[in-house]
Amino acid sequence: MPGVLKNIDYLDPFTRYKGQKILDNLKKLKGGIDIPLEMAIDVYYTLYLPFPQIIEVSDVPLGKERQYKLIKTMLSDEEAKKLRLYTVADSFASVALGTLFFLNLFSELGSEEKDIERGSGRGESGMRNQQQNEDEGDGGKSFEETVKSAIKKTVDSAETVKEIQHFVYGYKAGVGHTLNLDDDVATVLRLVRNTDIKNILNILTRVPDIVSAVKKKRIGYQRGEIEGYSRGSDIERIVYTELAYPQIYFYTKIAEGDLLLFEKVMYLTMGPIYVLLDKSGSMDGNKILWAKATALALFMRSRLERRTFFIRFFDSEPYEMISIKPNAKPSYVTKLLEYIAMIRNGGGTDISKALMTACNDILKSGAKDASDIILITDGEDRIAKSLVKKALVHAKARLISVMIMGDNEDLKDISDNYMKVVKLSDKEMLTVVKS
């Protein structure tokens, strides 16, 4: 059965696939919801298309009156126009926010949620009368206000959905992506409802540009990647336009070392970034929130440097470890976000055991290049210095200790870089990322 938008082929497999994605995510997030596929298609394309057009009221199929009312409200409502700023020409955002809109709509409808499936049953003539006088009967007006309320709630979460999307894709200027989050919509919407994730992503958006702060280690190399231009006499790196000069002028430039050359570099490979994050009882409130945000900022650095990323929480015992390789699929990144959101502080502190575990993890991973272990803690626990030092040397790991509002002399002795965080600020976080 057709929907209520113009120029949509409701029998096309791709069109039906997009509507079905919304239905599948609704079943994952709230069982028992059953809406027509055509309604899901209409909501998807209302959000996705730059200029969606609704059919004339006289052409509304029998039984589609309420669906028509819903789409018409979405096209005319001011809040819906704000929502479309996040969704136009973005398939993932249209599916995710379309799903969230239905969840909010059913929540608003409450006990009447089945009405949306059956429609109002007025027929075409009744629909025409309703359009001529919108204020007749409280049912129509009530439904319109319900739709508007659901749209407003969806707008409130739209920014968080986009922030998660950008974090997973790792957007930066001039670089595209081949990742697809369509299969992880349900996970993303669960994360949107997590207060910690919202706050952490809000902190990350305030941090100065991490991309420009991180600089990959490199050396000059004649057969490396072209990164710019320089002056000199190295014929092997000559810019081809120099060969157009007259011979005598060309030789003069060689003699004077004034040839225009390609600047070629080779980027050094590096081992993994391993974050050890203290979740003990003293890491409460803003401490654990800042530490989690710093861990995600370090993950962003690992992607820029194309390094494997490890993270493990610890208190008196090490917890489950998560590892993500460069260019990991979105599902692995969303798993990282879920893992970080799930952890709550509590317990004692055993830094030595955590560091020994991290060194063993690096050895098991088979990393050949030097690794960085970033320990984030506020613990003043005593360290088994000799054992930890040997483990660090064996794993070829550099220890960077980030001490939050405290001091630990043992850690200072064994760390390659020891930082004291006095204020939980964006500037301090960026300092850790650059370490």
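Here is a chat about how this predicted model is put together.

Residues count from 1 along each chain as its sequence is written, and side-chain values use heavy atoms, with hydrogens and water left out. Because the model is predicted, local features need pLDDT of at least 70 and side-chain atom pairs count only at pLDDT 80 or more, while totals for chains, interfaces and linings use all residues.

Me: How many helices and strands does the protein have?
Reply: Both kinds of element are DSSP runs numbered from the N terminus, with helices being H or I over at least four residues and strands being E over at least two. By that rule, the secondary structure comes to 18 helices and 8 strands.

Me: What percentage of the residues in the protein are buried?
Reply: Buried means under 20% relative accessible area, exposed means over 50%, and partly exposed is in between (1.4 Å probe, protein chains only). Out of the 435 residues in the protein, the buried share is 51%.

Me: What share of the contacts with a separation of 6 or more comes from residues 24 or more positions apart?
Reply: A contact here means heavy atoms within 4.5 Å. Taking the contacts with a separation of 6 or more, the residues 24 or more positions apart account for 77%.

Me: How many salt bridges does a search of the whole structure find?
Reply: Side chains of opposite charge can pair when their charged atoms come close. For a salt bridge, a side-chain nitrogen of Lys or Arg has to be within 4 Å of a carboxyl oxygen of Asp or Glu. Searching the whole structure that way gives 28.

Me: Which residue forms a salt bridge with R231?
Reply: R231 sits in strand β1 (residues 218-232), and the partner is in the loop between α12 (247-255) and β2 (259-267), 27 residues apart. The closest N and O atoms of this pair are 3.8 Å apart. The partner is partly exposed, with a relative accessible area of 32%, and its name is D258.

Me: How far apart are the closest N and O atoms of K279 and D315?
Reply: K279 and D315 form a salt bridge. K279 lies in the loop between β3 (273-278) and α13 (286-304), and D315 lies in the loop between β4 (309-314) and β5 (318-324), so the pair ties together parts that are 36 residues apart in sequence. Both K279 and D315 are buried, and their closest N and O atoms are apart by 2.8 Å.

Me: Is D361 buried or exposed?
Reply: D361 forms a salt bridge with R312, with the closest N and O atoms 2.8 Å apart. R312 is in strand β4 and D361 in helix α15 (residues 351-365), so this bridge ties together parts that are 49 residues apart in sequence. R312 counts as buried at 11% relative accessibility. D361 has a relative accessible area of 11%, so D361 is buried.

Me: At what angle do α13 and α18 pack?
Reply: Two packed helices are described by the angle between their axes and the distance between the axes. Axes are lines fitted to C-alpha atoms, for helices over the stretch in contact, and angles run from 0 to 180 degrees between N-to-C directions. The axes of α13 and helix α18 (residues 426-434) are 9 Å apart, and the angle is about 40 degrees.

Me: What is the handedness of the crossing of α13 and α18?
Reply: A crossing is left-handed if the near helix is turned anticlockwise from the far one by less than a right angle, and right-handed if clockwise. For α13 and α18, the crossing is right-handed.

Me: How many residues of α9 are buried?
Reply: Helix α9 covers residues 185-192 and is mostly covered. Among the buried ones are V185, A186 and L189. Out of the 8 residues in α9, the buried count is 7.

Me: Which residues of α14 meet α9?
Reply: α9 and helix α14 (residues 330-342) pack at about 30 degrees, with axes 10 Å apart. From the α9 side come T187, V188, R190 and L191. On the α14 side they meet T334, L337, E338 and A341.

Me: Where is A89 found?
Reply: A89 has a positive phi of about 65 degrees although it is not a glycine. A89 is exposed, with a relative accessible area of 56%. Its place is the loop between α4 (78-87) and α5 (91-109).
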